[in-house]
Every structure is written in structure tokens, then in C-alpha cells.
Amino acid sequence: MTKPALTDLLHAAVTAVGGTERPGQVAMAEAVAEAIDDNTHLLVQAGTGTGKSLGYLVPALAHGERTVIATATLALQRQLVERDLPRTVEALHPLLRRRPEFAMLKGRSNYLCLHRLHEGVPQDDEDGLFDPFEAAAPTSRLGKDLLRLRDWADETDTGDRDGLAPGVSDRAWSQVSVSSRECLGATRCAYGAECFAEAARERAKLAEVIVTNHALLAIDAIEGAPVLPGHEVLIVDEAHELVSRVTGVATGELTAGGVSRAVRRAAKLVDEKDADRLQTASEGFERLMELALPGRLEEIPEDLGYALAALRDAARAVLTALGNTRDRSVQDEDAVRRQALASVESVHQVAERILADSEFDVVWYERHDRYGASLRVAPLAVSGLLREKLFEDRAVILTSATLKLGGDFDGVGASLGLTPEGRLADGDSAAGGTGGAGGREENGDGDGAEDTGDTVPRWRGLDVGSPFDYRRQGILYVAQHLAPPGREGSRGDMLEELGELVQAAGGRTLGLFSSMRAAQAAAEELRGTLEVPILLQGEETLGELIRRFAEDARTCLFGTLSLWQGVDVPGPNCQLVVMDRIPFPRPDDPLMSARQKAVEEAGGNGFMAVAATHAALLMAQGAGRLVRATGDRGVVAVLDPRLARARYGSFLRASMPDFWYTTDRNQVRRSLAAIDAAAGTA
């Protein structure tokens, strides 16, 4: 049988979803097909509106090998499983003469646990187990959530938390879910045959396409024991998020509350001597945490070292005891034991890791107003891990609307453990490159710049562009006349400029701020001077705020990080996107500053490799909020003169969409007024 042409397959799929074929989508599909056929790797930047989901789905389905698709957001996972995949499979069936199966797979804690639901939750108090459905007042929020979960359990086919609408609080969900460490295992659990998580795994084993998230992909790579079924093709969508998600999974944490919880869970299952030893170690750690000041620990202080060693050794003894003893007097002993093991193992592993004092880990204290101090440890870089685990024995496609920073793919490539594009794998450094990690710091496995080329994956980058005419649809305005933002004090001139821009735009403004304090100050100032509604992140759920912003043309929405990447409002209601300042990492950010220092010690440019690259990615994402459809018009205004004046400004601007660029404040006000007038008469 003649293999159908890729262009015919793509045409059928695009028609099925009611889309329009675009040159960039065709170019992407052809490049993905080539990478899969050659078992090589591809970084492909596909701008908003390109239709990148079909750009990788069609060649993957046509190839017929098992494919894992990892995404960063729930919205894209749902889009793939509920819309794109069903329509694409049906559209390609007449041409492929087969109907590939697909499935969603997430971490175990995302699925309702029937054992927890029916048998109750192992508690930390002396009463052991209790029925949360009876203990929670039915009129309380928790009680209402739990009653709804009980009803939902009889209706759901998947047990997937994301299928519950509206959702429930984290506290309520914790009553009916377990982590992989807490799970009894299907063979030991009375509800194993009905388990939602096990059913999801079985569906994934039979599927040709498995949709998952970055976190589970990271766990699969880090833990060693495979979580995902074997696969020949890996597609990472929203790939600009991958490094931060993998870093998050590889980060360990100790808190006084978490350690105390481990003590309570284990105490009823081990002898008094072992329990007292862990309790004493916990109290010593808690006393230290009460005095902890935020910041990086370049060396482990002697008192902290003693406290961690005591925790580690006591936890090890408790783990041994938990494995050797049984106590039938404890109700539902297996569940209680699994929960205790999970908590104590976590304490032991993190304490041991921090005490190892690896040069490839960063350790720091954090302090939260509500939860107190925490001790955290994270990898200096994850590129070595990704290079070793991600790119072996399969074709890997990484795609996003923002992968080219400063005009090339080398920065993102370096963060993934790839050599600069085009460099022959002949023994050159695996971590160099402009705008990238630029040195040994990005090789988290410790090999540093001495990695030989034969261990470095071959790859190429492709920018398929965007269907939008950015220079005609948008303006990039930099307020060059403002004073540079300082670390302290108010920015009165910036707030005045912001007010004038919002007024000229008639509202319609998405305000992206570098801190919550700055967003709050701006909202307070403009609410007192302008007659337009100002919505502020944190005053309502994010989904509700975005909905209200999208529905009312005169409304403005101000907020921080999640708005830089999570808002999709096409049309005239978002015609001005404002960034208050270049979003460099905070100078006191322990992990970022450690990474920057490591690059400098290796002879690279730490500022460009870490701080500027971080800012470039966020600015590219933030600017991408403006033009979401072919008819959109508007302005991205950056109220930070450094974007125009500083040497690194050209690198940052090259990372953003190619808008028409100006520093003329009067021209921008006239343009905004004209856009507002046109939207009002449309």
C-alpha cells in the first residue's frame, strides 16, 4: 500500500478541526517527520496561530510509533485529548486505514484513591483513622467538597481531578488521594481492581499516543524506575517551561512542620526508643528553623550540619524499624505504614542530600509569612540530567512559541544540555554558546565543559514564523524618558506614564508586573485616578479574572508571573500590554544567583547566560499576549528605559515578536487612541 503523503494527511486534519493550513505549519510537520524518520532531535519555534499541535500530531500519527507528548499546562492537555486528537485520528483514519489509540497519564496523586475514599485517611493524632466525611461539618467548605467528591466518585470514569468541575480545595483533595510513595500497590489494596490510577496506566500501555505533563516526564527521568511506557518519539510542547518544571521536581524541602508530621506518623508503629530519637532530632531542627534567615547557604553551618545528621540517622533507624515490625492493633495498618514510610523517607533523603554538600546542588533558606521557614535544595542545573535522560534512544521534538532568545536557539539548547546549533560534536564544550548557559554551570552532572562531543546529541533548530504580521499589527514602545527602576522606592513617573497609556487605550490593558507589590501599587494608584475597572490578581480566582477581563473592553487586569504566560484574549479587549520593568530574577534569588556565579567562574557571561536569558523568555511570553488573532492591533509598552539604552537591550528585543519599535511617547498615545476609536466603532 502506498504511504499517504504528509501534505494530504495534514490537509485532512486541518479540515477536520475547522482550521486553515499555514506555510509554517506545513514546514513544521515536514521537519518533525524528518526528525522522527532520522531519529534526531528538533527544536521548533512556532508562533501563536501556527497550529503547532497538528504540526506535530500528524507526522507522529503517520509514523505509527508510540509517542509521548508532554505539556506544561492543563489547558493544552485538555485541548489535545478532548479536541485535537479525536478529530485528527478520525480525519486520518481513511488515509492511514487505522485508528490509533490515545490516552492521558498523570502522576498518581492526580487520581482519586478509592481506598482513601472508603477507608478514611491515616491521621497524625492518637485516634488513628477517622472518617473525614463525618468529621467535616457538612456546611463547611471542606465538608461540601468532600460530599461532592463522594458523589463524583460514583459518576467518574477516570477519577482524574481535572475532570471535576468546579474543582475542590487542595485540602479536600488530599483526603481522597495518595502519592506514589503512600500507595499500597494494586496487589495489596482491596480496591486495586477498581483503581483509577492503575486503569490510567493500563490505558497508556495500550495507547499509541500518551499525553502527559512535564512533571511526570521529569519523574520518569529522575527516579530511574520508568513511569511512562517505552516510546520511540517524545514531543515536548510548551518546551520553554521544561527546565523550570524539571528543576521543581528535582528540588527537595525540609520544614519543621513536615518533619514533625513524619514523627507523628511513625511514632505509633515503632518502639519508644526510635520514636523518641526522631522526636528529639525534630525538636532540634525546629529550633534552628525558628532562627533561619532567608538566603543561600554556600557552606552548611556547623549547627545545621549537626541537626541534619541527627535527623538523617534517626530517620534511617525509624525506616529500618518500620520495615521490621508489625502492629495489628493499628487500624488499617498497611495504609498507616505506607504514609509513615513516605514521610520519613522524604526527611531522610533530603537531609542526606544536603549533608552531601555537592557542588552541583544549591542549598538555601526561605521564609514564608504563613508557613514559616523552609530549607531547600535544588540542582545547580538540570542540563546534564536532561542530556543524559531525555535525548537517548528516541527522537525528541521540543516546540514552543518562544525558543529563540536573542535571535538563536543556543540559549534554550544550552539549558537542555545541547551544544550550540551547528557545532560539530567533535569534543567541543557541551555548554557554550551565546545567550545560553555559557559555561560549566549548565552541566548538572558534573562533567562541566570537558564533555566530549560524542556524548552530545545532534539537533537542529527551526523557526517556522507566525501567520501574524507583527510589524503591521503591533508597536513595541519603550518609555526611554523614564528614570531607570531602582531596587527601592516608588516609581511615580512610571505610574503617571502607565495612567496616561491606559487612558489613551480606553482601558483594554493587561498589566504585567515584576512583583505583586508593584501590581498592587499600580492598581491602587489608577483606581484613584481613572474611571476604568482595574482587576488585580489575588482578589479573585485567576480564571474568573481573565473571564471578566475578556468580557469588558474597558477593564484592565494587573498581575504577576502567571499572567505573563497564561492569558489568551484575542480581539479588541486586550490592546495594550504593559510591562513595568525588565523581569530580571531578584538579586537575592539563591538558585539564579548561584547559577550566574557558576557561569562566571567558568569564564562565561553569567548575567547574559542566566539573568538576561530568564528575562528574555518572560518578555517574549508577555509580549505574546498582545496579538492572538490576525485582526488584533495594539501596543506592548515597556516602562523600563534600559530596554532602549542598555547593551543587553538589543538581545531582549530580539527575543520578542518583531513589532514596529518606537520610543516616541506622543506617537504611541495617538496610536492607542486610534486603535481604541476603531475598536469602539467596529
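**Close-up views of the predicted model**

Of the 682 residues of the protein, 54% count as buried. The model shown in every view is predicted. Its secondary structure amounts to 27 helices and 20 strands. Among contacts between residues at least 6 apart in sequence, 77% link residues at least 24 apart.

**View 1. Crossing of helices α1 and α4.**
Two packed helices are described by the angle between their axes and the distance between the axes. For helix α1 (residues 6-16) and helix α4 (residues 74-96), the axes come within 8 Å and cross at roughly 140°. The crossing in which α1 passes α4 is right-handed. Sorted by class, the residues in the contact of α1 with α4 are eight nonpolar, one polar and two charged.

**View 2. Pairing of helices α12 and α13.**
The axes of helix α12 (residues 256-267) and helix α13 (residues 272-290) come within 9 Å and cross at roughly 170°. The two helices are therefore roughly antiparallel. From α12, the residues A256, V259, S260, V263 and A267 meet A275, L278, Q279, S282, F285 and E286 of α13. By class, seven nonpolar, three polar and one charged residues form the contact of α12 with α13.

**View 3. The largest nonpolar core and the surroundings of L416.**
In soluble globular proteins, nonpolar side chains tend to be buried together. The largest nonpolar core holds 90 residues, of which L416 and V636 touch the most other members. Helix α24 (residues 606-623) supplies the largest share of this core, with seven residues. Beyond its neighbours within four places in sequence, L416 is in contact with L43, L242, V243, S383, L386, R387, F391 and L398. Another core, of 38 residues, lies apart from the largest one and includes V263, L288, I300 and Y365.

**View 4. Helix α16 and the elements that cover it.**
The buried residues of α16 (383-390) are S383, G384, L386, R387 and L390. Among the elements covering these buried residues are α10 (214-223), β7 (233-236), α11 (242-249), β12 and α17 (410-415). Of the buried residues of α16, S383, L386 and R387 are among the contacts of L416.

**View 5. A616 in helix α24.**
A616 is found in helix α24. This residue counts as buried because its relative accessibility is 0%. Leaving aside neighbours within four places in sequence, A616 touches L405, F651, L652 and S655. A616 and L405 stand 211 residues apart in sequence, while their C-alpha atoms are 6.3 Å apart in space.

**View 6. H348 in helix α15.**
H348 belongs to helix α15 (residues 333-356). With a relative accessible area of 12%, below the 20% limit, H348 is therefore buried. Not counting residues up to four places away in sequence, H348 is in contact with R312, A315, R316 and L319.

**View 7. The cis peptide bond at P166.**
A165 and P166 are joined by a cis peptide bond, with omega about -10°. P166 is placed in the loop between α7 (141-153) and α8 (170-174).

R97 is not a glycine, yet its phi is positive, at about 60°. The residue is found in the loop between α4 and β3 (102-104). R97 counts as exposed because its relative accessibility is 64%. D393, likewise a residue other than glycine, has a positive phi near 65°. D393 lies in the loop between α16 (383-390) and β12 (395-400). Its relative accessible area is 71%, so D393 is exposed.

Key: Residues numbered from 1 in each chain as written. Predicted model: local features only at pLDDT ≥ 70, side-chain atom pairs only at ≥ 80, totals over all residues. Heavy atoms only, no water. Axes fitted to C-alpha atoms, helices over the stretch in contact; angles between N-to-C directions. Helix = DSSP H or I, 4+ residues; strand = E, 2+ residues; numbered from the N terminus. Left-handed = near helix turned anticlockwise from the far one by under 90°. Nonpolar A, V, L, I, M, F, W, Y, C, P; charged D, E, K, R; others polar. Core = buried A, V, L, I, M, F, W, Y, C linked by side-chain atoms within 4.5 Å. Buried < 20%, exposed > 50% of the residue type's maximum accessible area, 1.4 Å probe, protein only. Contact = heavy atoms within 4.5 Å. Parallel < 35°, antiparallel > 145°, perpendicular 65-115°, else oblique.
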